[in-house]
Amino acid sequence: MSMRIKLAALTVAIVISTPAAAESPSLEHFLEQWDNDGDRAVTLAEIRQGREQRFFAFDADANGYIDPQEYDRFDKVREAGIARFAPEDQDKIRQVAKGLTRAWNDTDGDGRVSRAEFLDGGETWLKALDKDGDGRVTIKDLS
């Protein structure tokens, strides 16, 4: 089994294996997933690093693209994560996660997302989430 398939399987396992009885995640979960230095803010560098990791995990055949079938799997994993949120928070986190969707990232409309498209989508995603325009996403921006 390739390293990419193992990483994608691990990502799926982490998302799906959370016990149903556990407390639903909050919008702070975004910060926990993307804030690498623990300062409770997500920068463009952290978004690019997180997007690089996700691209690597879901480009299972390592061809430099998240192909339609690979993106279908990515969509399922993302939706499984969103389903863990309380019903009243699911629309909000879905809006936050919009920057990871195929529609957001397939800028040339060819049905697949290149590494460059996926990484470049991080800047517009940060701008969309950063309500106060300080170049960082905090819980205040997500509320």
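This is a predicted model: local features need pLDDT of at least 70, side-chain atom pairs count only at pLDDT 80 or more; totals for chains, interfaces and linings use all residues.
Student: Is T124 buried, partly exposed or exposed?

Tutor: The relative accessible area of T124 is 43%. Buried would need a value under 20% and exposed a value over 50%. T124 is therefore partly exposed.

Student: E123 also needs placing. How far is its C-alpha atom from that of G99?

Tutor: E123 lies in helix α7 and, at 41% relative accessibility, counts as partly exposed. Along the chain, E123 and G99 are 24 residues apart. Their C-alpha atoms are separated by 9.7 Å.

Student: What pattern of helices and strands does the chain follow along the sequence?

Tutor: The chain has eight helices and two strands. Of the contacts with a separation of 6 or more, 60% are between residues 24 or more positions apart. Read along the sequence, the pattern is α-α-α-β-α-α-α-β-α-α.

Student: What share of the accessible surface belongs to carbon and sulfur atoms?

Tutor: The chain has 143 residues, and buried residues make up 39% of them. Its accessible surface comes to about 7800 Å². The share of that surface belonging to carbon and sulfur atoms is 55%.

Student: Are the rings of F55 and F118 stacked, tilted or edge-to-face?

Tutor: The structure holds seven aromatic pairs. In the pair of F55 and F118, the ring centres are 6.0 Å apart and the planes stand at 45 degrees. Stacked would need planes under 30 degrees apart, and edge-to-face over 60. The pair is therefore tilted.

Student: How many residues apart are F55 and F118 in the chain?

Tutor: F55 is in helix α3, residues 44–58, and F118 is in helix α7, residues 115–129. The pair thus links distant parts of the chain. Their separation is 63 residues.

Student: Which residues form one aromatic cluster with F55 and F118?

Tutor: F55 and F118 make a tilted pair. They also belong to one cluster.

Student: Which residue has its charged end over the ring of F74?

Tutor: A charged end sits over its ring, 4.9 Å from the centre. Another ring with a charge over its face is that of Y65, where R112 lies at 3.5 Å from the ring centre. The residue over F74 is R78.

Student: How are α3 and α4 oriented: parallel, antiparallel, perpendicular or oblique?

Tutor: R54, A57 and F58 in α3 meet E70, R73, F74 and V77 in α4. The axes are 10 Å apart and stand at an angle of about 120 degrees. Roughly perpendicular ends at 115 degrees and roughly antiparallel starts over 145. The two helices are therefore oblique.

Student: Where is R40, which has a positive phi?

Tutor: Phi of R40 is near 65 degrees, and R40 is not a glycine. Its relative accessibility of 45% makes R40 partly exposed. R40 lies in the loop between α2 and α3.

Student: What is the phi of A62?

Tutor: A62 sits in the loop between α3 and β1. Its relative accessible area is 43%, so A62 is partly exposed. Phi is positive in this residue other than glycine, near 55 degrees.

Student: Which residues does H29 touch, leaving out those up to four places away in sequence?

Tutor: H29 lies in helix α2. At a relative accessible area of 18%, H29 is buried. The residues touched are R84 and F85.

Student: Which residues are in contact with R102, its neighbours within four places left aside?

Tutor: R102 lies in helix α6, residues 102–105. Its C-alpha atom is separated by 7.8 Å from that of R112, 10 residues apart along the chain. The contacts of R102 are P68, Y71, D72, D75, G111 and V113.

Definitions and conventions: Residues are numbered from 1 along each chain as its sequence is written. Side-chain values use heavy atoms; hydrogens and water are left out. Rings of Phe, Tyr and Trp (its six-membered ring) pair if their centres lie within 6.5 Å; planes under 30 degrees apart count as stacked, over 60 as edge-to-face and the rest as tilted. Helices (H or I, at least four residues) and strands (E, at least two) are DSSP runs, numbered from the N terminus. A charge sits over a ring if NZ of Lys or CZ of Arg is within 6 Å of the ring centre and within 35 degrees of the ring normal. Buried means under 20% relative accessible area, exposed over 50%, partly exposed in between (1.4 Å probe, protein chains only). Contact means heavy atoms within 4.5 Å. Accessible areas come from the Shrake-Rupley method with a 1.4 Å probe; for residues, only the protein chains shown count as cover. Axes are lines fitted to C-alpha atoms, for helices over the stretch in contact, and angles run from 0 to 180 degrees between N-to-C directions. Angles under 35 degrees count as roughly parallel, over 145 as roughly antiparallel, 65 to 115 as roughly perpendicular and the rest as oblique.
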